[in-house]
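Please read the report below alongside the sequence and the 3D structure. It starts from a single residue and then widens to the chain as a whole.

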Amino acid sequence: LYQSQKPNMNTLGVYATNFALQQQIGQNWLASVSYIGTRTQHVWGQYPANPAVFLGLGPCTLDGVSYAVCSTTANTDARRILSLERPRDGDKIGPVAEFDDGGTQKYNGMLVTLQRRVASGVTVNGNYTWSHCQGNYVDINQNGPPASETYSKPGDRNNDNGNCLSDRRHVFNATAVARTPGFSNRTVNMLASGWTLSGVYRVSAGSPWNVVTGGDQALSGTILQRPNLVRGNAYKDRSGGPLTQWFDQAAFTLPAAGTYGNVGWNSF
């Protein structure tokens, strides 16, 4: 496994835009509606720089070795670009990842907030966010991903363009704080007044789910390849009660050898 970095890589940049409308309601309530948008450019990903070349399914000879089927997972390394160009040197190199700074991610969200300031010892705050984050697949941590973890289709970062890993379409939060009042009875006042009770409630949509074939159907030596969707709806019917299987496996099929599926990245 090797990783390569181009000279003069661009650092990541984020552009943010937001505006809000606020309205006071009565003496104690405040409502607001906000737009929050960000565009992140030069997101780093990884290109496969030494993928295997699909050479068809007929017979062939590679570096003096005859194959009844030219493209199989068993001869992936023999079909890599460097192995085909210089077999004596290329066979010493497996997956090569080249860092790519051309990825983008976009976030657009609407935030609706309703607040009740302290009145009669009670404060209430609720907000709802409707948003979408979309962009190129990335998985960069402080140590970097493995050299085999690249875009699934060589030369095409946008084939892995889809919902961000952190995408949550709907998020609702509610908080409340109540303070017990004072009492005229001295004993009751000493025991029951001055207490604060608070609570937080949160509910959100699920995280994106990526469907993969689990193998190298394209015979390119890359991972995270996706299948074909052959039905309009891949979700199971939940009207009959709890499910043990949320997705219909029959809605997916493997793409033909040497090709990539039509299912988008993180599309469920």
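Not counting residues up to four places away in sequence, Val263 touches Val211, Arg226, Pro227, Asn228, Leu229, Phe252 and Phe268, where contact means heavy atoms within 4.5 Å. This is a predicted model, in which local features need pLDDT of at least 70 and side-chain atom pairs count only at pLDDT 80 or more, while totals for chains, interfaces and linings use all residues. Residues are numbered from 1 along each chain as its sequence is written, and side-chain values use heavy atoms, with hydrogens and water left out.

Val263 is also a member of the largest nonpolar core, whose seven residues are Val211, Ala234, Phe247, Ala251, Phe252, Val263 and Phe268. Such a core is a set of buried Ala, Val, Leu, Ile, Met, Phe, Trp, Tyr and Cys residues joined through side-chain atoms within 4.5 Å. Buried stands for under 20% relative accessible area, exposed for over 50%, and partly exposed for what lies in between (1.4 Å probe, protein chains only).

Most residues other than glycine have a negative phi. Asn266 lies in the segment after strand E12 (252–253), and Leu219 sits in the loop between strand E10 (196–204) and strand E11 (228–229). Helices (H or I, at least four residues) and strands (E, at least two) are DSSP runs numbered from the N terminus.

Leaving aside neighbours within four places in sequence, the contacts of Asn266 are Asn163, Cys164, Leu165, Pro208, Trp209 and Asn210.

Tyr2 belongs to strand E1 (residues 2–4). With neighbours within four places in sequence set aside, Tyr2 is in contact with Lys92, Ile93, Pro95, Val96, Ala97 and Ala147. Tyr2 and Glu98 are 96 residues apart in sequence, and their C-alpha atoms are 8.7 Å apart in space.

Arg80 is placed in the loop between strand E5 (65–67) and helix H1 (81–85). Not counting residues up to four places away in sequence, Arg80 touches Asn50, Pro51, Ala52, Ile93, Gly94, Pro95 and Gly221. Ile93 is listed among the contacts of Tyr2 and among those of Arg80.

The table gives the accessibility of the residues discussed.

| Residue | Relative accessibility | Class |
|---|---|---|
| Asn266 | 2% | buried |
| Arg80 | 5% | buried |
| Leu219 | 7% | buried |
| Tyr2 | 46% | partly exposed |

## The chain as a whole

The chain has three helices and twelve strands. Its radius of gyration is 27 Å, well over the 18 Å that the globule rule gives for 268 residues, so the chain is more spread out than a compact globule. The radius is taken over C-alpha atoms, and the rule is 2.2 Å times the number of residues to the power 0.38. The C-alpha trace spans about 100 × 55 × 35 Å along its principal axes.

Of the 268 residues, 31% count as buried. Among contacts with a separation of 6 or more, 67% are between residues 24 or more positions apart.
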